[in-house]
Amino acid sequence: MAKMMRAQNDAVESMSGKETLGDLLSSELEPAAGNRKTVKAFYAALASSDAAAVSRVTAADLEWWFHGPPHCQHLMRLLTGESRRVEFKFKPRSVTGIGDRVIVEGWQGSKAYWAHVWTLKEGIMTQLREYFDTWLTVIVRVSEEGGGDKGYEIIRLWQSEPKERLSRSLPDVVLPI
């Protein structure tokens with residue numbers, strides 16, 4: 001992943017525009033690392049049923065968007081208190097920071113694949129895009145001309161890597177940022 005990000009940064013830096021991919025995504029190393037740490041702490045708190053730690057890093061008015069089968073809204077039921085018992089374990093397999101967003105991916109056997117895209121502001125998780133049994137691709141549109149619809153390039157920043165991707169057919173969702 002790091003090689004891919006460096007190659008994409010180099011490609012954008014070589015463009016005639018003044019903005020680099022790093023500029024566009026505000027991907028300063030310390031904030032991105034801090035965001036990843038916050039999100040990892042969230043999943044550790046979920047695993048240990050530490051509601052106080054979960055609420056410290058999650059905004060009270062968390063904006064939530066879910067894509068997947070309705071019976072897979074495990075995180076919503078857990079965080080809203082609708083379910084007190086842990087019926088699904090969210091064990092992250094990868095945690096990737098891109099600017100103010102952190103992408104978390106995991107799977108539970110061959111039956112459930114999930115990806116979460118968190119947006120953080122000042123160390124607080126304010127937005128969640130949750131995808132269940134869906135292949136996710138995150139892209140950014142970069143303009144060479146500095147605006148308008150002419151002369152732009154779409155760069156893939158991240159793509160799902162489900163463990164058993166060859167044995168399952170997952171629909172693809174593209175998330176532009």
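The model is predicted, so a few ground rules apply: local features need pLDDT of at least 70, side-chain atom pairs count only at pLDDT 80 or more, and totals for chains, interfaces and linings use all residues. Residues are numbered from 1 along each chain as its sequence is written, and side-chain values use heavy atoms, with hydrogens and water left out.

Starting with the overall layout, the chain has five helices and eight strands. Here helices (H or I, at least four residues) and strands (E, at least two) are DSSP runs, numbered from the N terminus. Read from the N terminus, the order of elements is α-α-α-α-β-α-β-β-β-β-β-β-β. Of the 177 residues in the chain, 41% are buried; buried means under 20% relative accessible area, exposed means over 50%, and partly exposed is in between (1.4 Å probe, protein chains only). The accessible surface comes to about 10200 Å², and carbon and sulfur atoms hold 50% of that. These areas come from the Shrake-Rupley method with a 1.4 Å probe, and for residues only the protein chains shown count as cover. As for contacts (heavy atoms within 4.5 Å), residues 24 or more positions apart account for 56% of those with a separation of 6 or more.

Next comes the interior. In soluble globular proteins, nonpolar side chains tend to be buried together. A nonpolar core is taken as a set of buried Ala, Val, Leu, Ile, Met, Phe, Trp, Tyr and Cys residues joined through side-chain atoms within 4.5 Å. The largest such core has 24 residues, and V39, F42, Y43, V104, W118 and F132 make the most contacts inside it. At least two residues of this core come from each of α3 (29–47), α4 (51–57), β1 (58–67), β3 (101–108), β4 (112–121) and β5. Helix α3 gives the largest share, five residues. Setting aside neighbours within four places in sequence, V39 touches V102, V104, W118, L120 and M125. There is also a second, separate core of 14 residues, with I103, V117, V140 and L157 among its members.

A53 sits in helix α4 and is buried, at a relative accessible area of 15%. Between A53 and Y43 there are 9.9 Å in space, C-alpha to C-alpha, and the two are ten residues apart in sequence. T119 belongs to strand β4 and is buried as well, with a relative accessible area of 6%.

On to the rings. Nine aromatic pairs turn up in the structure. Rings of Phe, Tyr and Trp (its six-membered ring) pair if their centres lie within 6.5 Å; planes under 30 degrees apart count as stacked, over 60 as edge-to-face and the rest as tilted. One of the pairs is F88 with F132, edge-to-face at 5.4 Å centre to centre, with 65 degrees between the planes. This pair links distant parts of the chain, 44 residues apart: F88 is in the loop between α5 (74–80) and β2 (94–98), while F132 is in strand β5 (residues 124–132). F88 and F132 are both buried. F132 also pairs edge-to-face with F90, at 6.4 Å centre to centre and 85 degrees between the planes. Because F90 lies in the loop between α5 and β2 and F132 in strand β5, the pair ties together parts that are 42 residues apart in sequence. Like F132, F90 is buried. Ring pairs join F42, Y43, F66, F88, F90, W114, W118 and F132 into a cluster.

Last come the charges. With a salt bridge defined as a side-chain nitrogen of Lys or Arg within 4 Å of a carboxyl oxygen of Asp or Glu, the count is two. In one of them, the side chains of E63 and R129 meet at 2.7 Å, N to O. E63 lies in strand β1 and R129 in strand β5, so this pair ties together parts that are 66 residues apart in sequence. E63 is partly exposed at 40% relative accessibility, whereas R129 is buried at 17% relative accessible area. R101 and D100 also form a salt bridge, at 3.6 Å, N to O. R101 counts as partly exposed at 24% relative accessibility, and D100 counts as partly exposed at 32%.
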